[in-house]
Amino acid sequence: MNGLMKMYGNERVNDYFKNYAHAQIDVAYRIMEYLEPDEYFPPNDLSSSIMDKFLKRDVIGAVDGIINELCIDISSSSGSEALSREAVEFANEVLEDFFERKKDEKLSERERLLIRLGELDKELAE
């Protein structure tokens with residue numbers, strides 16, 4: 001979040017652009033709640049249908065669901081399209097990290113189970 005204000009140093013100043021910036025932050029934050037939730041304060045109101053879409057790699061459907069869930073209404077159709085496009089791009093990046101993390105977790109679990117299986121084999125052989 002550091003430097004966020006500096007990013008808007010050259011943006012136009014009116015309510016439309018302020019609301020658009022808020023919408024960007026809200027959507028990005030919600031995507032992160034689904035794909036990289038805080039381990040100490042996890043969100044408790046996640047939609048299973050949106051998460052299912054992420055798991056099926058239907059990023060466009062998931063992002064549309066998040067935008068609807070947040071009741072975001074951009075008064076410009078080009079602004080709505082730009083917000084959606086940017087959110088899909090961001091979600092794709094975060095989703096790849098999500099799947100990579102899940103794969104690493106499964107590999108670690110597999111390794112632990114193989115070690116435990118070896119221990120059990122030794123105990124049974126005694």
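**Close-up views of a predicted helical model**

View 1. Aspartate 73 counts as exposed because its relative accessibility is 72% (exposed means over 50% relative accessible area, buried under 20%, and partly exposed in between, with a 1.4 Å probe and protein chains only). The model is predicted, so local features need pLDDT of at least 70 and side-chain atom pairs count only at pLDDT 80 or more, whereas totals for chains, interfaces and linings use all residues. Residues are numbered from 1 along each chain as its sequence is written, and side-chain values use heavy atoms, with hydrogens and water left out. Aspartate 73 lies in the loop between α4 and α5 (helices are DSSP runs of H or I with at least four residues, numbered from the N terminus). From glycine 3, aspartate 73 is separated by 70 residues in sequence and by 26 Å in space, C-alpha to C-alpha.

**View 2. The packing of α2 and α5.** Helix α2 (residues 15-35) packs against helix α5 (residues 77-125) at an angle of about 20°, and their axes are 10 Å apart (axes are lines fitted to C-alpha atoms over the stretch in contact, and angles run from 0 to 180 degrees between N-to-C directions). Therefore α2 is roughly parallel to α5 (a term for angles under 35 degrees). Residues of α2 in the contact include Tyr16, Ala23, Ile31 and Leu35, and those of α5 include Gly79, Phe90 and Arg101 (contact means heavy atoms within 4.5 Å).

**View 3. The packing of α3 and α5.** Helices α3 and α5 meet at an angle of about 80°, with axes 11 Å apart. Helix α3 is therefore roughly perpendicular to α5 (65 to 115 degrees). Met51, Phe54 and Leu55 of α3 touch Ala91, Leu95, Phe98 and Phe99 of α5.

**View 4. The largest nonpolar core.** This core holds 23 residues, and Ile31, Leu35, Phe54 and Val63 have the most contacts inside it (a nonpolar core is a set of buried Ala, Val, Leu, Ile, Met, Phe, Trp, Tyr and Cys residues joined through side-chain atoms within 4.5 Å). Two or more residues each come from α2, α3 (48-55), α4 (59-69) and α5. Helix α5 gives the largest share, seven residues. Leaving aside residues up to four places away in sequence, isoleucine 31 touches Glu36, Val63, Ile66, Ala87, Phe90 and Ala91.

**View 5. Helix α4 and its covering.** Buried residues of α4 are Val59, Gly61, Ala62, Val63, Gly65, Ile66 and Ile67. Their cover includes α2, α3 and α5. Just after α4, cysteine 71 adopts a positive phi of about 55°.

Methods:
Parallel < 35°, antiparallel > 145°, perpendicular 65-115°, else oblique.
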